[in-house]
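This report looks at aromatic pairing and the nonpolar core. The chain is shown first.

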Amino acid sequence: MATLLNDLLALVESQAYQSRVDAFMKEHCDSFCRQPGQDGTTHLEDKCEQAHENHEVYEKYTALIESQLEDFLRSKGISQEELFVKLAEDEMYHQNNMQGSRLRALLASFDYNEFLNIMLICSDKVYEAFESDNESKAIGNKRRHD
C-alpha cells in the first residue's frame, strides 16, 4: 500500500496537478462564505448557507479531479472506491502536514463538506493575503507622503 500512496502523492504533488487545482481554487474560493460567530470573528465551523452555484463549483472540482485520476487508477488496476478506502486507512492521510493535506484535498473532491472546508480555508488565505497586501501598500503610500 505504501507504494500506491507514494505514487499517488507523486501525482498530486506534480506541478501539472497542483497548477490546475490551485488555479481552480483561487478562481472560485471567493464565492464561499462564513458567518461570523458570536464573538464577531469567523471560524472554520461558522459556515453560512452557501449559494446554490457553489454546488455546481463542487461538481466542476469533482470532474477536474476525476480527470486527473483516471489514468492513475487504470495503471494501478483499482477503482476510486478502493483507493479512497486505502487512503482513509493510511496514517499519512491523517498527518497534519503538506502530504496529508494534499491527500485530504483529493478525497474532498468526493465529499461536499470536505470540499467546503478546503474552499473556506482557501478563501481565508486569499483574504489574508489581500489584507496583507493592502497594509503593505498603505505603509508604502504613507512613507512616500512623509
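## Aromatic pairs

The structure holds 6 aromatic pairs. The model is a predicted one.

Take Y58 and F115. Their ring centres are 5.2 Å apart, and the planes stand at 55°, so the pair is tilted. Y58 sits in helix α3 and F115 in helix α7.

Y61 belongs to helix α3 and F115 to helix α7, 54 residues apart.

## The ring cluster

Which residues do ring pairs link into a cluster? They are F24, Y58, Y61, Y112 and F115.

Are Y61 and F115 buried or exposed? Y61 has a relative accessible area of 1%. F115 has a relative accessibility of 0%. Buried means under 20%, so Y61 and F115 both count as buried.

## Contacts of Y61

Neighbours within four places in sequence are left aside here. Y61 is then in contact with V21, F24, M25, A105, A108, S109 and F115.

## The nonpolar core

The largest nonpolar core has 36 residues. L8, Y61, L83, L87, L106 and F115 touch the most other members. Helices α1 (2–12), α2 (15–28), α3 (52–76), α4 (80–89), α5 (91–94), α6 (98–108) and α7 (112–145) each supply at least two residues of this core. The largest share, 8 residues, comes from α3.

In soluble globular proteins, nonpolar side chains tend to be buried together.

Methods: Residues numbered from 1 in each chain as written. Predicted model: local features only at pLDDT ≥ 70, side-chain atom pairs only at ≥ 80, totals over all residues. Heavy atoms only, no water. Core = buried A, V, L, I, M, F, W, Y, C linked by side-chain atoms within 4.5 Å. Buried < 20%, exposed > 50% of the residue type's maximum accessible area, 1.4 Å probe, protein only. Helix = DSSP H or I, 4+ residues; strand = E, 2+ residues; numbered from the N terminus. Contact = heavy atoms within 4.5 Å. Phe/Tyr/Trp six-rings, centres within 6.5 Å; stacked < 30°, edge-to-face > 60°.
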